Amino acid sequence: MPPPSGSPAPERRLAVLLSHFRPCCEAPRATTRLASVERHGTAAEAEAGLAASPCAAAGSGEGESSGGGYCVFCNIAAGAAPAFKLYEDDVCLCILDAKPLTTGHSLIIPKSHYPSLQTTPPTVLAAICSKLPLLGAAIMKATQCDAFNVLINNGEKAGQVIFHTHVHIIPRSKDDNLWSSEETKNLVSSIKEVLSSSPEDYSAATSSTPKGF
């Protein structure tokens, strides 16, 4: 069954979903592009000032941008980089993701720079979390979705690329094809094929890869 028009390609969806369970192999660079779940931007966005950079390891205090380095979220918060703002208050703002996984995919970011959850003050985290029901409900209503995922990639091994605390709101609906039933069936069939081919020989199962994966 072909994915609905405008939905992410199957390879991209699978790669993004797996990235949340698999460590990143490459450290972020100043030219890394802003993306959906931080990995799928465009050259035009990079030229427009939407390139991610390693804001990590360099400062964790309030208001710091990255020890002198470039931080896309700090620039957006300061109004120096473009973004579609959905909500803003004294502590945080909500923007549309540059390359959404689904329509309405948004990010909540604190205005001050904190590279991780550990360095983000509880009061700031509380302010962000307190806006999730409001923003989630508004995004669901506007996109006519049934539900939404809340996602945080905290640390490089967890898939974090932009080291400025942020929370993903990913609207979901029955037919969004983000993880389609057809793909799930194919995955289950492929796993069963490997298991049935040599149930007693685990080395053979780990050395072969089904077609399409």
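What you have open is a predicted model, where local features need pLDDT of at least 70 and side-chain atom pairs count only at pLDDT 80 or more, while totals for chains, interfaces and linings use all residues. Residues are numbered from 1 along each chain as its sequence is written, and side-chain values use heavy atoms, with hydrogens and water left out.

**Stop 1: the whole chain**

The accessible surface comes to about 11,600 Å², and 59% of it belongs to carbon and sulfur atoms. Accessible areas come from the Shrake-Rupley method with a 1.4 Å probe; for residues, only the protein chains shown count as cover. Of the 213 residues, 38% are buried. Buried means under 20% relative accessible area, exposed over 50%, and partly exposed in between (1.4 Å probe, protein chains only). Among contacts with a separation of 6 or more, 58% are between residues 24 or more positions apart; contact means heavy atoms within 4.5 Å.

**Stop 2: the largest nonpolar core**

Now select Cys71, Val72, Phe73, Cys74, Ile76, Ala77, Ala81, Leu93, Ile95, Leu107, Ile109 and Ile162, the 12 residues of the largest nonpolar core. Such a core is a set of buried Ala, Val, Leu, Ile, Met, Phe, Trp, Tyr and Cys residues joined through side-chain atoms within 4.5 Å. Colour α3 (72-77), β2 (92-96) and β3 (106-110), the elements that give two or more residues to this core. The largest share, 5 residues, comes from α3. Apart from this core lies another, of 11 residues, including Cys94, Ile128, Leu132 and Leu135.

Zoom in on Ile109. Leaving aside neighbours within four places in sequence, Ile109 is in contact with Phe73, Val91, Cys92, Leu93, His164, Thr165 and His166.

Ile162 sits in the loop between β4 (147-151) and β5 (167-172). Is Ile162 buried or exposed? Ile162 counts as buried because its relative accessibility is 0%. Draw a distance from Ile162 to Cys71: the two are 91 residues apart along the chain, and their C-alpha atoms are separated by 7.8 Å.

**Stop 3**

Select Tyr87 in strand β1 (residues 85-88). Leaving aside neighbours within four places in sequence, Tyr87 is in contact with Cys92, Leu93, Cys94, Lys131, Leu134 and Leu135. The C-alpha atoms of Tyr87 and Ile108 are separated by 8.8 Å.

Next, find Leu101 in the loop between β2 and β3. Leu101 counts as buried because its relative accessibility is 5%. Its C-alpha atom is separated by 7.5 Å from that of Leu178, 77 residues apart along the chain.

**Stop 4: Gln144**

Move to the loop between α4 (122-143) and β4, where Gln144 is found. Most residues other than glycine have a negative phi. Gln144 is not a glycine, yet has a positive phi of about 55 degrees. Gln144 counts as exposed because its relative accessibility is 73%.

**Stop 5: the largest cavity**

Finish by selecting Pro115, Ser116, Leu117, Ile152, Asn153, Asn154, Gln160, Thr165 and His166, which line the largest cavity. On a 1 Å grid over the protein atoms alone, a cavity is a set of points where a 1.4 Å probe fits but cannot get out, and lining residues have an atom within 4 Å of a point. The volume of the largest cavity is about 50 Å³, meaning the space filled by probe spheres set on the points, with grid points joined across faces, edges and corners. Its lining divides into 3 nonpolar, 6 polar and no charged residues. Ala, Val, Leu, Ile, Met, Phe, Trp, Tyr, Cys and Pro count as nonpolar, Asp, Glu, Lys and Arg as charged, and the others, Gly among them, as polar.

Terms used
On a 1 Å grid over the protein atoms alone, a cavity is a set of points where a 1.4 Å probe fits but cannot get out, and a pocket is an open set with protein on both sides within 12 Å along at least five of seven lines; lining residues have an atom within 4 Å of a point. Helices (H or I, at least four residues) and strands (E, at least two) are DSSP runs, numbered from the N terminus.
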